[in-house]
Amino acid sequence: MGRYISRKIFELARSSVIYGKRGPPPHTHPCGFSDAILLIFPRYSASCVNEALAVSCVFCPCRVHVEFYVNENTFKERLKLFFIKNQRSSLRIRIFNFCLKVLTCVLYIIRVMTDNPAQLRNTWSEHVNLIFWVDRKTPVWAIQVIVASISFMEAMLLMYLSYKGNIWEQMFQVSFLLEMLNTAPFIITIFWPTLRNLFIPVFLNCWLAKHALENMINDLHRAIQRTHSAMFNQVLILICTLLCLVFTGTCGIQHLERAGRNSLSLFNSLYFCIVTFSTVGFGDVTPQIWPSQLLVVVMICVALVVLPLQFEELIYLWMERQKSGGNYSRHRAQTEKHAVLCVSSLKMDLLMDFLNEFYAHPHTQDYYVVILCPCEADSQVRRVLQIPLWSQRVIYLQGSVLKNQDLLRAKMDDAEACFILSSRNEADRMAADHQTILRAWAVKDFAPNCPLYVQILKPENKFHVKFADHVVCEEEFKYALLALNCLCPATSTLVTLLVHTSRGQEGQQSPEQWQRMYGRCSGNEVYHICLSDSMFFREYENKSFTYAAFHAHKKYGVCLIGIKREDNKSILLNPGPRHVMAAGDTCYYINITKEENSAFTVRQEAHQGKNRGHCDILNSPSGLPVHSIIASMGTVAMDFQNTSPTGDTAKLAPPAENGLGSRRPSIAPVLEITDSASLLPCDLLSDQSEDEAAHSDEDVPSASEYVGYPPNSPYIGSSPTLCHLLLQKAPFCCLRLDKACEHVSFEDAKAYGFKNKLIIVSAETAGNGLYNFIVPLRAYYRPRRELNPIVLLLDNLPDEHFLEAISCFPMVYYMVGTIDNLDSLLQCGVLYADNLVVVDKESTMSAEEDYMADAKTIVNVQTMFRLFPSLSIITELTHPSNMRFMQFRAKDCYSLALSKLEKKERDKGSNLAFMFRLPFAAGRVFSISMLDTLLYQCFVKDYMIPITRLLLGLDTTPGSGYLCAMRVCESDLWIRTYGRLFQKLCSTSSEIPIGIYRTESHMFLPSESQYSVSSEGWSDTKETKGDEPKVLTRSSSGSDQSEHPLLRRKSMHWTRRLSRRAMKRSDSSFFSSLPKHSASRRSEREELTELVRNRMQHLGLHTGFKDVSNLTASDVMNRVNLGYLQGELNDQQNSLSYVLVNPAPDTHLQLNDVVYLVVSSIRKQSCMQHIQLLH
C-alpha cells in the first residue's frame, strides 16, 4: 500500500502537479509535500501516507544549497583579496604606490631648487636653525600634504589587513617607521600652520620606492605567469640600492651643508657622493660642518655593510648561472636554427664526437647546439666549450628534460631536432633506458613537432619510442655487427668507416703505401641523389640497375648500392637487373663526396698507335681513368675518359696460362636489360656447372630441420627473418654444452664432432640482444653446409624465456663460464673455434675511473692471445681509445709508430684518428660508441639507419639484398683488377662489390720487431753502413714496394723516427742478447703449451699429438691454435689487415682478398627456390 502511494507521489512530483514551478510552501514535508496529500488520498490513513513519504524521499532526496568560502565574504577578506591576494589588482596598487614615492622625491628636489638659504640666514641668528627649517612654497606644501595623506591611509590600511595578532612587530618595521616619518608631520601641519616650514626628510622615500619596486616585480611575475631569472632580480636590487645610497647621501649632505658658510648645491653634493663611493676622493668638495661629516661616516658604514652583501648574492647567483647555463634566447631561437642534445651525463669524448660529426656537414654550419644535462659540466667539458670554435655555437644548460621550465629555457618548441642519448656507462642499462624513454615522452609532450633522434640500449625497450623519427638500438646493431664479423671479416670497420665523416686525407703524408690507400678509401660515404638530377646516373635511365652500377663505377668511380622508387618509401639494396632505372628513382651511392661537390672534366683519349685499335678502359694501366681524387674546399675534381660502354669494351680477354694459347672464358658484358633466364645464381667466380656440382648432399636439410620464421621472438619489435630452424625444439637440457643429459651424452665440444669451426660468444648475461647475434648466422640464405656451431659462454645462467627463443635454432648451445677461466675455454671448444667474440660486460662499465672499464676485458683477451695465437678474437670495448692496448707488444716499434701517427692525425682534426690502429683496421676490436655518429648523421642523411639495418640484416625488405663476402682464391687472380671483378660479378650473379678486406704480411727481422726500441745507437750505425733491416711487404697496388728501395728506406726511417727508444747498446751486447731472448720466448711458449695440455688432461680432453702423420683436421687446427705449427714464424712475421671502401677500378686483386658484396634479391629468391626444391 505504501509503495503504491509513494509511486503516485513521485509521479506527481515529477509532473509538478502539486506545486508547479513555485516550489513547496512553508511548513511542508522535507521533500516538499504538505498535508494536502491527505486530501488526494482520503481513503488511506495518515500512517500510510507518512510511510509513503518516507519511501518517496529515497526517489526524491532533499536538495540543500551549500555556500563555499563564506569566510571570504567579510569586509576585511574582500579588502585583503583586492589589495594583497589578487595579482592584478595588487600589481596596480604597487605601481600606484611606487609612483607616489617617486613623486615625493621629485617634490623634494623641487623644494630644494626653490629654497633660499640666504634669506633664512638673515631671519635666524643661529645657522643651526637652518637644519630644522626650510622655505617651502605653498603649492609644494599642498601637493606634499595630499600625497602624504594618501600614503598614510594606505599604510594604515595595509597594517590592518596584515595584522596577525602582534601589533608591535608591525609597528617597528623599517618600512612602516619611514612611512610615518615622512607622512605624519605633513598631516600635523594641516592643523598646526606654524610647522609648515619644518624640515621633513622626504628623500628617504627613495627606500620605500625601492621596496615598492621589488614587490611590484614579484606581483608582475605572478600576474603574467612568467619569471625572470634570479640574476635579473638581484642586479635590479643592487642598482636600486646604489641609487638610493647616492640619492640619500646627496640630499642629506646638501641639506646639512645649508648650515655652513658655503652651502652646496645638489649637483656638488652628487659629485661628492660619487667621488666618495668610488674611493677616488679628489678633495675639491668636502663637507664643512660636523653633522654633514657624521652623515658621510654613517653612509660609508652603511655602504660597507649593505653593498658587500648585495655583491655576494650577485656573485653567488652568477656562479650558479654559470653552472646551470642560463637561458637560450627566444629571439635567437626564432631567428636562428638550433638543435638540442639531451644527455644524463656529458663526457668530453661524447661531446667531441657529436660536435665533430654534427658540424662536419655544410648544412649545419649555421646551427646552434644547446646541451641540456642534469649534471654540472666538468672541467674538461668547460675547457672544450671555451674554445673559440665552439664557444660561439654551443650553449650548455644544466637542467632536466622532465621539467617544462628547463625545456622552455632550451626553447625546445623551436628546435630543429632533439637528440636523446642513453648513458651506456650505467651498470643498470635497463634503468638507463627507462630514463631515456621518459625524456623522449617529455619532449614529445612539450614539443610535438620537434624531430626526435633517440638512442636506446636494450631492444625490448624500443617499442616505447616508436613515435620518434629515428631510433638506434645499441644492442641490435652491436650483436648484428659482431655476428657479421664472424662471416664477413672486419664488417664493423667497414660500417664504422661508412658512417663517419671524413675527406680521405688521413695518412696521405705517410710513406707506407697501405696507409695512404687505406686513408684515402676511408673518405667514402653514402650519399643520395635523384636520378633525373644526377650527372652520374641520368644517362642510365631505362637501363637495368646492374648496368648502371657497373658503368657508373667504371666511368666515375662511384659505387651504386641501392635505390628508392618514387612511389615506394622502402630503400632497396641491389634490387638486381630486373629493376629498370626510372627518372624519379633516388639513387644511393658510395663516393668520396657527394655529386654536388664534384667538378667534371672530360678528357679525350689520345691515339696510341695502329696496332692498338680500340683501347679497353680496363685492359692496360695506361688507359685507366684518373682516380686520384683531390679533395679541396669541399670539391672533388675527377678526370674520366669519354668512352662509350659497348660490347667490345666490355669483353676482356684473360692472359694465357703457362705461355700457351689456352684461355679461360672472357668476362661477359653487363647487359642493359637482362633477361631473367640468363641470370646465373652463382655466388663465386666460377661457372654455373661448378656451382651445381658444389651442391652436395650436405645442403639437403635433415628431416628435423626446415626454413621458416622463428616461432618465439624474445622482444617486441624484432624484424622477422627466415632462418634455418628445428622442426622440434631442442629440450633445454640439450642446449647445455658441458653437461650430459638423457638425450645427449656429450660433455665437451670435441665429442660433438662438428664439421665446421665453432663461433664462441662470451657475455655476462643472456640478454635479448644475443638473439640478433644468432639470427644472421642462421639466416636462410646461408648454405646449411656452412653453418657454424654457436656456443654462448655466459657468466650467469640464462632464463627460460631466452632458452625458449634459441631452442628452435640448430647447433646453438650455451655453458656457464668466463673467459678468464682456462677450463671453461677448453670445455667450450676454444681449440676448435674459428672466432671468439668477447662482449663488453655491463658490470664493468661503471668503474671509478671511466677508462678503466675495459681493464678486465683487455687483460683477459691478451691472455687468450698469448695462449691461442691463431684464434680470431673479436672484442667489444666501452671506450675506443683503449683499443691501443689490444694485442699489446711493449717492444713493437711498428705499433709505437702507429701511435705517433694517430696523435698526428688527431692534431690535424681527424674524426678517424684511431683508424690506423691495427686491431681496428683488421676488425678485431669494436666499440659501439663508434656508431654514435650513425644517429648524428641521420639529421642530414635520414637514410643512413635504414641502409645500415639492411646491410646488417636487421631488416628484410622484399626486393632488397644483403651484405655478403667472397674470398679471392688463386684460380681467380686472372681477373687482375677490382674493375674487372666488378664487371664479372655484375654480368653473372648481379652482385655489387663495395670494398675489399686485405691482409698483408710484414716480415721484420728480430732486431727490428723486438729490439729496435732499445737499440737506437745500433740502428744508426747500421744505417751508415747500408745494412739496415728490410721490410718485406706485399703491396696493395700495381707498383710493389720491393721495386722501390728508396720508398722502403723512407718507410723504415719513418718507423724509427716516430718510435721512442731507450738507452743505447753496443753491437756486441745486442747480438749477444739475441740467443737469450729467443730462448726465453721458446721457453715461454713451451710453458703455455704445457699449461694447456695439463688442463686438458685434467678435464679428460683429447691431447694426443705424437704421430704427426695421423693428425686429423681438428687435431691440426688444435695444434695451430696452440702455436705448434707456427713455430718461429710468429717471432718474425706480423700480418696487418685493413679495409678498402670502394677502391679504384685499377686496384689489383691479391690472393686471399675478401670482397664485400651486396647480394641482389634474385640471389635470395633463388635460395628460397632451391630450399623449396630440397624440401
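Of the 188 residues in the largest nonpolar core, Phe419, Phe537 and Phe773 touch the most other members. A nonpolar core here is a set of buried Ala, Val, Leu, Ile, Met, Phe, Trp, Tyr and Cys residues joined through side-chain atoms within 4.5 Å. Buried means under 20% relative accessible area, exposed means over 50%, and partly exposed lies in between (1.4 Å probe, protein chains only). This is a predicted model, in which local features need pLDDT of at least 70 and side-chain atom pairs count only at pLDDT 80 or more, while totals for chains, interfaces and linings use all residues. Residues are numbered from 1 along each chain as its sequence is written, and side-chain values use heavy atoms, leaving out hydrogens and water.

- A second, separate core has 28 residues, including Val370, Met412, Ile437 and Ala440.
- Leaving aside neighbours within four places in sequence, Phe537 is in contact (heavy atoms within 4.5 Å) with Ile529, Leu531, Ala552, Val558, Leu560, Cys587 and Tyr589.
- As background, nonpolar side chains tend to be buried together in soluble globular proteins.

**The chain as a whole**

- The protein chain has 43 helices and 26 strands; these are DSSP runs numbered from the N terminus, with helices (H or I) of at least four residues and strands (E) of at least two.
- Of the 1175 residues in the protein chain, 50% are buried.
- The protein chain exposes about 55700 Å², and carbon and sulfur atoms supply 56% of that area; the method is Shrake-Rupley with a 1.4 Å probe, and for residues only the protein chains shown count as cover.
- Take the contacts in the protein chain between residues at least 6 apart in sequence: 75% of them join residues at least 24 apart.

**Annotated transmembrane regions**

- An unreviewed UniProt entry carries the annotation "transmembrane region" for residues 95-114, 141-162, 235-253, 265-283 and 289-311. UniProt positions are given in the numbering used here, feature names are shortened, and annotations may be inferred rather than shown by experiment.
- Residues 141-162 are 95% helix and 0% strand, with end C-alpha atoms 31 Å apart.
- Residues 265-283 are 63% helix and 0% strand, with end C-alpha atoms 16 Å apart.

- All six of the six residues of strand 2 (residues 368-373) are buried, so strand 2 is largely enclosed by the rest of the structure.
- Both faces of strand 2 are covered, with Tyr368, Val370 and Leu372 buried on one side and Val369, Ile371 and Cys373 buried on the other.
- Strand 1 (residues 338-342) pairs with strand 2 in the parallel sense over five bridges; two strands pair if DSSP finds at least two bridges between them.
- Cys342 stands opposite Leu372 in strand 2.
- Strand 2 and strand 3 run parallel and are joined by five bridges, and Val369 stands opposite Val394 in strand 3.
- Strand 3 (residues 394-398) is mostly covered, with four of its five residues buried.

- Four strands form an open sheet in the order 7-10-8-9, with antiparallel pairing.
- At the edges are strand 7 (525-530) and strand 9 (571-573), each pairing on one side only.
- Strand 7 and strand 10 (residues 586-591) pair in the antiparallel sense over six bridges, and the bridge partner of His528 in strand 10 is Tyr588.

- Phe926 lies in strand 21 (residues 925-926) and counts as buried because its relative accessibility is 1%.
- Leaving aside neighbours within four places in sequence, Phe926 is in contact with Lys478, Leu481, Leu482, Ser492, Thr875, Glu876, Leu877 and Leu931.
- Helix 35 (residues 944-952) has eight of its nine residues buried, so helix 35 is largely enclosed by the rest of the structure.
- Just after helix 35, Gly953 takes a positive phi of about 80 degrees.

**Two asparagines in one loop**

- Asn1142 lies in the loop between strand 25 (1133-1141) and strand 26 (1154-1159), and has a positive phi of about 50 degrees although it is not a glycine.
- Asn1152 is also placed in the loop between strand 25 and strand 26, with a positive phi near 70 degrees.
- Asn1142 counts as buried at 6% relative accessibility, whereas Asn1152 counts as partly exposed at 40%.
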